[in-house]
Amino acid sequence: MQAKVRKGKIEIDTERCKGCKYCILTCPKGCIELSSNFNSSGYFPACFINQDNCIGCAMCAVVCPDIAIEVYLEE
Ligand code: SF4
Ligand code: SF4
């Protein structure tokens, strides 16, 4: 029997994000990068990429100083 891989998903509040990159540096799965579009405060916010690789570990949310990331686990 194959071990079940946990699957996660994040949502980033791009208006709260200041583009500090802490989440990008912390994600073990390379699931976050900076957007090429800036937000209303003039920051390039983080965006969710390589979404199939997210394991829902929540490290990104833990390190975010602006509480801009919500993490969800799929059933
Ligand atoms: S929950 Fe974990 S794997 Fe998913 S984006 Fe955040 S740090 Fe990366
Ligand atoms: S850690 Fe938070 S504020 Fe910093 S880039 Fe990521 S989402 Fe934006």
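**Core, fold and ligand shells of the predicted model**

In the predicted model, the largest nonpolar core comprises 13 residues, and Ile 12, Cys 23, Ile 32, Cys 60 and Ile 69 have the most contacts inside it. Such a core is a set of buried Ala, Val, Leu, Ile, Met, Phe, Trp, Tyr and Cys residues joined through C-beta atoms within 7 Å. A residue is termed buried if 20 or more other C-beta atoms lie within 10 Å of its own, exposed if 12 or fewer do, and partly exposed in between, with C-beta atoms placed from the backbone. Buried residues account for 19% of the 75 residues in the protein chain.

This is a predicted model, in which local features need pLDDT of at least 70 and side-chain atom pairs count only at pLDDT 80 or more, whereas totals for chains, interfaces and linings use all residues. Residues are numbered from 1 along each chain as its sequence is written, and chains are lettered from A and ligands numbered from 1 in the order in which they are written.

The protein chain contains two helices and four strands, arranged from the N terminus as β-α-β-β-α-β. Helices (H or I, at least four residues) and strands (E, at least two) are DSSP runs, numbered from the N terminus. The C-alpha atoms fill a box of roughly 50 × 20 × 20 Å along the principal axes. Of the contacts with a separation of 6 or more, 64% join residues 24 or more positions apart; a contact requires C-beta atoms, placed from the backbone, within 7 Å.

Cys 60 illustrates this contact pattern: leaving aside residues up to four places away in sequence, Cys 60 touches Ile 10, Cys 23, Thr 26, Cys 27, Ile 32 and Ile 69. Asp 13 is located in the loop between β1 and α1 (22-26), and counts as partly exposed because it has 15 C-beta neighbours inside 10 Å. The C-alpha atoms of Asp 13 and Ile 69 are 6.4 Å apart, although 56 residues separate them along the chain.

Around ligand 1 there are 15 residues, of which Cys 27, Cys 31, Cys 54, Cys 57 and Cys 60 come nearest. β1 (8-12) and α2 (59-63) are the elements giving two or more residues to this shell. A residue is near a molecule if its C-beta atom, placed from the backbone, lies within 6 Å of it. The shell around ligand 1 consists of eleven nonpolar, three polar and one charged residue. Ligand 2 is likewise surrounded by 15 residues, the closest being Cys 17, Cys 20, Tyr 22, Cys 23 and Cys 64; eleven of the shell residues are nonpolar, one is polar and three are charged.

Terms used: Nonpolar A, V, L, I, M, F, W, Y, C, P; charged D, E, K, R; others polar. Contact = placed C-beta atoms within 7 Å.
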